[in-house]
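Please consult the sequence and the model shown here while reading.

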Amino acid sequence: MTKSVLLLAGDEYEDLELQYPLMRLREASMWPVVAGKAAGVQHRGKYGYPVVTDRAFDDIDPEAFAGIIAPGGWMPDKLRRDDSVLGLMRAFDRDGKLIASICHGGWICISASVVSGRNYTGSRGIKDDLQNAGAVWHDEAVVVDGHHVSSRSPADLPQFMAAVLRILVEGPG
């Protein structure tokens, strides 16, 4: 059975942090779905790489997905204010489904109140935010805590996606 994975998109996402997971999920025979405020909208990454959304946040049924990925860039600062995005993140957490964030993507997890008591990493720039939200900070390439996977930067993408794919295939450990 092919698993569907939601990737969050918006203007000025970190190009590699969305595109690399998108390609790796396809290579693993999974079905990645890019979601934004509206379907069919092209968003450009910080370095200009485009992505077109497949679905709107409001049209997503979390039951249909095995996980959600929050890329970084400047995009998370806007998406963390979107009630639909926060509701999706909370639904994935409540259901014990994969929640993966990289770099500043952790801001969305913070605003959804799903990090307290969990081991996390992210961009050094959000270390204080994670700690203030109750997460236990680790300066590591990838941190796995149950169904949560977090990483620091594009340099950590191979370890990040290995952990993401492991959880999608084997379940949280």
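Leaving aside its neighbours within four places in sequence, with which residues is Ala 70 in contact? The partners of Ala 70 are Leu 8, Met 89, Ala 100, Ser 101, Ile 102, Gly 105 and Ile 108, where contact means heavy atoms within 4.5 Å.

This is a predicted model, in which local features need pLDDT of at least 70 and side-chain atom pairs count only at pLDDT 80 or more, while totals for chains, interfaces and linings use all residues. Residues are numbered from 1 along each chain as its sequence is written, and side-chain values use heavy atoms, with hydrogens and water left out.

**Ala 70 and the sheet**

Ala 70 is found in strand E6; helices (H or I, at least four residues) and strands (E, at least two) are DSSP runs, numbered from the N terminus. At 0% relative accessibility, Ala 70 counts as buried, a term for under 20% relative accessible area, with exposed over 50% and partly exposed in between (1.4 Å probe, protein chains only). The C-alpha atoms of Ala 70 and Ser 150 are separated by 9.5 Å, although these residues are 80 residues apart along the chain.

An open sheet of 7 strands runs in the order E5-E2-E1-E6-E7-E11-E10, with mixed pairing. Strand E5 (55-56) and E10 stand at its edges with a single partner strand each, so one side of each is left without a neighbour in the sheet. Two strands pair if DSSP finds at least two bridges between them. E6 and E7 pair in the parallel sense over 4 bridges, and Ile 68 has Ile 99 in E7 as its bridge partner.

The largest nonpolar core has 53 residues. Such a core is a set of buried Ala, Val, Leu, Ile, Met, Phe, Trp, Tyr and Cys residues joined through side-chain atoms within 4.5 Å. Leu 6, Leu 8, Leu 25, Met 89, Phe 160 and Val 164 touch the most other members. Helix H6 (residues 157-170) gives this core its largest share, 8 residues.

The buried residues of H6 include Phe 160 and Val 164. Several elements cover the buried residues of H6, among them those tabulated below.

| Element | Residues |
|---|---|
| Strand E1 | 4-8 |
| Helix H1 | 15-27 |
| Strand E6 | 67-70 |
| Strand E7 | 98-102 |

H6 is followed by Gly 171, whose phi is positive, near 90°.
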